[in-house]
Amino acid sequence: MSTGFRAMLLTLMVTALTACGGGSGTSGATPSTPSTPSTPSTPSTPAGPVTAALTASRVSGVAPLAVQFDATGTSTTLGLDTFRQLNYAFNFGDDRGLTWAVSGLPKNTETGGPIAAHVFDVAGTYTVQVTATDPGTGSQSSATVTVNVSSPDSAYAGSQTVCVSGASRYTGCPTGAAKATALPTGTGWNGKRVLLARGERFGDIDIQDGNAGVQVGSYGTGALPVVNSVGIGSTRPQTANFATDITVMDLAVANDVTQSLGKQVLLYRLDLTSASDNHGIYTGGMSYWAQSDPYRVVPTSAFYYAQQIFVVENTVTGSFNDGGYNLYGDGSQYAMLGNVMGVSKYHTARFTKLRKAIVAHNELKGINPAGIYHSLKLHSGGLTAYTNQYVDDAWYSDQVVVSHNRFGNAADTNQWTVAISPENDSSAEGVQNVLVESNTFVRNANTVLDLVLGGRSLTYRNNTANGGAILEDQGHTAALPAAWMGPYYSN
């Protein structure tokens with residue numbers, strides 16, 4: 001990431017921190033357009049009191065393929081709130097006996113709310129099923145979609161794969177691949193699988209706009225390749241061909257990872273644990289480039305919000321001296337799965353707004369010396385309904401599932417562990433349809449509340465703290481209109 005963009009990002013974060021008072025308890029040649037989800041499936045069981053529906057963010061691509069699944073279109077004649085009052089069980093048809101390290105649950109299934117996500121590591125055809133159940137009557141219905149996953153060896157055959165080694169060490173490089181001693185530049189990433197030699201160190205990965213269908217990984221044996229930083233998307237776009245369908249995986253990153261524009265981005269198994277004051281993953285947040293940049297050449301109408309962003313099984317620790325967070329961002333169709341984070345100057349993970357998102361199977365420790373930040377903070381930009389095309393940053397958070405996580409740490413000093421609410425008492429920021437369930441909260445000596453909620457149609461259930469009931473309350477609602485305050489559900 002360029003020095004100028006890092007400075008701009010830090011300025012935006014400092015502005016946000018000032019606004020929230022610290023969060024305390026007092027491609028191709030054609031322009032990219034937002035992707036269209038799959039056509040809703042036909043229920044595989046006859047329509048009854050409950051009729052399941054299922055869409056996928058995409059139904060084909062190259063392994064590892066990250067896909068979000070959305071069952072919020074499920075309907076019922078029972079007069080129920082289908083987001084919170086039905087139980088959903090997803091089966092991804094990809095049972096290889098794998099489990100999440102944090103929750104211990106199978107990766108092939110997801111239970112609870114109507115949003116789920118999965119990474120298909122192996123080529124094949126998968127039938128993904130969701131079963132929606134009314135727990136009161138036992139009425140249930142299932143729906144399916146098919147996902148076709150192709151092999152990266154086929155998709156990136158021959159010179160479409162590039163092995164990079166500054167020392168010209170190519171043992172383990174796929175047969176027929178091109179060989180290079182330096183990372184690609186410009187549109188040299190486009191349509192390529194770029195594999196870095198293990199045991200070597202590289203500079204910045206800079207996948208700018210105009211690149212699509214890119215995979216970056218490693219080859220050979222030994223320690224993960226080390227890169228200085230990862231940047232996806234141009235910081236000052238000169239084209240509406242925003243970086244799309246980008247996977248960066250199996251690398252050690254010495255500093256930060258940023259995704260500023262585009263969609264279909266998978267950040268997978270990255271190691272951000274080296275001694276650094278700059279560790280963090282930053283996604284979305286492109287309002288400056290879309291609106292205020294005096295040198296902007298791409299019209300505002302061409303911008304759209306970050307979409308289909310997957311942050312999966314990364315390990316991120318920063319320091320108390322760095323410029324921000326372990327994770328900071330926003331987006332629609334967002335999945336944060338299986339990450340381990342904690343040790344930061346501010347909140348461990350902060351989402352400024354989310355729509356159709358799942359945050360699951362993560363460990364967010366929240367260790368910082370100030371004691372006024374959170375393991376997870378979710379708020380929004382305002383009270384405006386979301387649209388795919390960029391308008392402003394005033395949209396509210398909606399349809400978010402937070403489940404099977406472990407929040408907090410005995411070494412924390414934080415008073416509020418998780419805050420899902422406006423960022424302060426002077427900001428009218430809408431948060432609705434959030435399901436917080438089956439999480440474990442680890443208290444510290446200063447814990448006052450495990451969970452703070454502020455919004456409407458917010459549900460918490462089956463959570464535990466140190467083996468007992470969680471401490472929950474409402475907060476930061478003073479600026480919200482009455483229509484945005486409650487109801488809250490504990491069922």
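The model is predicted: local features need pLDDT of at least 70, side-chain atom pairs count only at pLDDT 80 or more, and totals for chains, interfaces and linings use all residues. Residues are numbered from 1 along each chain as its sequence is written, and side-chain values use heavy atoms, with hydrogens and water left out.

**The whole chain**

Begin by displaying the chain as a cartoon. It shows 3 helices and 39 strands; these are DSSP runs numbered from the N terminus, helices being H or I of at least four residues and strands E of at least two. The radius of gyration is 22 Å, close to the 23 Å that the globule rule gives for 491 residues, so the chain is as compact as a globular protein of that length. The radius is taken over C-alpha atoms, and the rule is 2.2 Å times the number of residues to the power 0.38. Along the principal axes, the C-alpha atoms fill a box of roughly 60 × 55 × 45 Å.

Next, colour the residues by accessibility. Of the 491 residues, 58% are buried, that is, under 20% relative accessible area, against over 50% for exposed and in between for partly exposed (1.4 Å probe, protein chains only).

**The disulfide**

Select Cys163 and Cys173. A disulfide joins them, with an S to S distance of 2.1 Å; the term denotes a pair of cysteine sulfur atoms within 2.5 Å. Cys163 lies in strand 11 (residues 161–164) and Cys173 in the loop between strand 11 and strand 12 (178–180), so the pair ties together parts that are 10 residues apart in sequence. The link is right-handed, with 95° about the S-S bond. Both Cys163 and Cys173 are buried.

**Glu200**

Move to Glu200, in the loop between strand 13 (193–197) and strand 14 (201–207). Glu200 counts as buried, at 11% relative accessibility.

**Gln259**

Finally, select Gln259 in strand 19 (residues 256–259). Gln259 is buried, with a relative accessible area of 2%. Its side chain reaches the backbone oxygen of Leu261 at 2.8 Å.

Key
A polar contact is a pair of N or O atoms within 3.5 Å; within protein, one must be able to donate a hydrogen and the other to accept it, and residues adjacent in sequence count only if both atoms are side-chain atoms.
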